[in-house]
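Look at the model first, then read on.

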Amino acid sequence: MWARCVCSTGTVSLKTSFLLFVLMFRQILTQSHARVRGLLQSSGGLAARYQSTFKQGAVRHTRRQFSSAGPNEAAGGGAKKSWWVSAEFWGAAGAAAGWGMTGAAIWDASMAGPEIISMNMTSVMLVYSSLFARWAWVVQPRNIALCACHVSNVVAQANQMRRAIEHKLKNGEEDQVKEIGVKAAAFAVTVGGLVVAGPTMQTAVVGANLGPVSAAAGAAAGPFTVHFWAPMSKWLISGASFLDLDRPTEKVSLPQYTALTLTGFFFSRYAMLVTPVNYLLCSVNIALFGSSAWHLGRKINADYIDTKKDAVTGPL
């Protein structure tokens, strides 16, 4: 009808066209509303029955939630979960501590001399962060933030290694530098050979039908994958800390061992809150926390507690 009216009147103004469009849209809405109302009436109260069923289901769901909630949640109307039992909180804290290891290396490079650098710990850090950077890149979904954290740590630790080598060469310790270079080359060749031969070795072990051994070798996170070696490499950090237990306190990095101690503490708690509970991750981080806290305590005692005691007592 409106189309015929427009055609018969020829050219109309913009205001008239807009008014006609509004009237047409209103008529369409009116007709659609009438059709929907007719369908609902002819359905024999189907909408009413649906609403009643939906309400009853919602009530049952609410009762189940209320009955399964703890006493504190039931009394408080769904109170928020405590930070102590929140895996999200401890996981985020552990990630922040991971960035702390990078920050500690950058801080030491800017503010401390190369004599405090531990060759054992720096070497282990390079291996550890290289593996975790690779793991974070291949895991699904890809963890870009974690990968960036460990790539940054590789760069920072490589700079620390450079400073330590230059310091030793200036102090006439060429033999020690050569020894470190030979060990690093042997390690690189061994790892490279295992990486190249890995697929062949895995196929042979899986095909040998050795029961659990073959099953473990063929697992998606088995010993022939980075998913296995990335977490296991954290034992190397604990081992490096234990090797340096008697390191002089003036050569202990306060920022580095603060970051390592916090990392061990946060992730040991986080491992007990994830599903399933990861006892392996918990154990390695307990070891990391204990060994790093030992160094941290010695450093704080030497630099802040004993120094104050000497200042108070004075020379005898």
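## Terms and model

On a 1 Å grid over the protein atoms alone, a pocket is an open set of points with protein on both sides within 12 Å along at least five of seven lines, a cavity is a set where a 1.4 Å probe fits but cannot get out, and lining residues have an atom within 4 Å of a point. Grid points are joined across faces, edges and corners, and a volume is the space filled by probe spheres set on the points.

This is a predicted model: local features need pLDDT of at least 70, side-chain atom pairs count only at pLDDT 80 or more, and totals for chains, interfaces and linings use all residues. Residues are numbered from 1 along each chain as its sequence is written, and side-chain values use heavy atoms, without hydrogens and water.

## The largest pocket

The largest pocket holds about 1,600 Å³ of space. It is lined by 46 residues, and Ser123, Val127, Phe187, Val191 and Leu236 are the closest to its centre. Helices H6 (119-138), H7, H8 (174-207), H10 (226-232) and H11 (234-243) each give two or more residues to this lining. H8 has the largest share, 14 residues.

Helices (H or I, at least four residues) are DSSP runs, numbered from the N terminus. The lining has 27 nonpolar, 11 polar and eight charged residues. Here Ala, Val, Leu, Ile, Met, Phe, Trp, Tyr, Cys and Pro count as nonpolar, Asp, Glu, Lys and Arg as charged, and the others, Gly among them, as polar.

## The second largest pocket

The second largest pocket has a volume of about 860 Å³. Of its 34 lining residues, Phe132, Trp135, Leu146, Phe267 and Leu281 lie closest to the centre. H5 gives the most to this lining, six residues. By class, the lining splits into 23 nonpolar, 10 polar and one charged.

## The cavity

How many cavities of 30 Å³ or more does the structure hold? There is one. Among the residues that line the largest cavity are Met101, Asp108, Gln157 and Gln256. H5 and H7 are the elements that give two or more residues to this lining. H5 supplies the largest share, four residues.

## H5 against H7

The axes of H5 (residues 87-111) and H7 (residues 144-170) come within 9 Å and cross at roughly 25 degrees. H5 and H7 are therefore roughly parallel (angles under 35 degrees).

Technical notes: Axes fitted to C-alpha atoms, helices over the stretch in contact; angles between N-to-C directions. Parallel < 35°, antiparallel > 145°, perpendicular 65-115°, else oblique.
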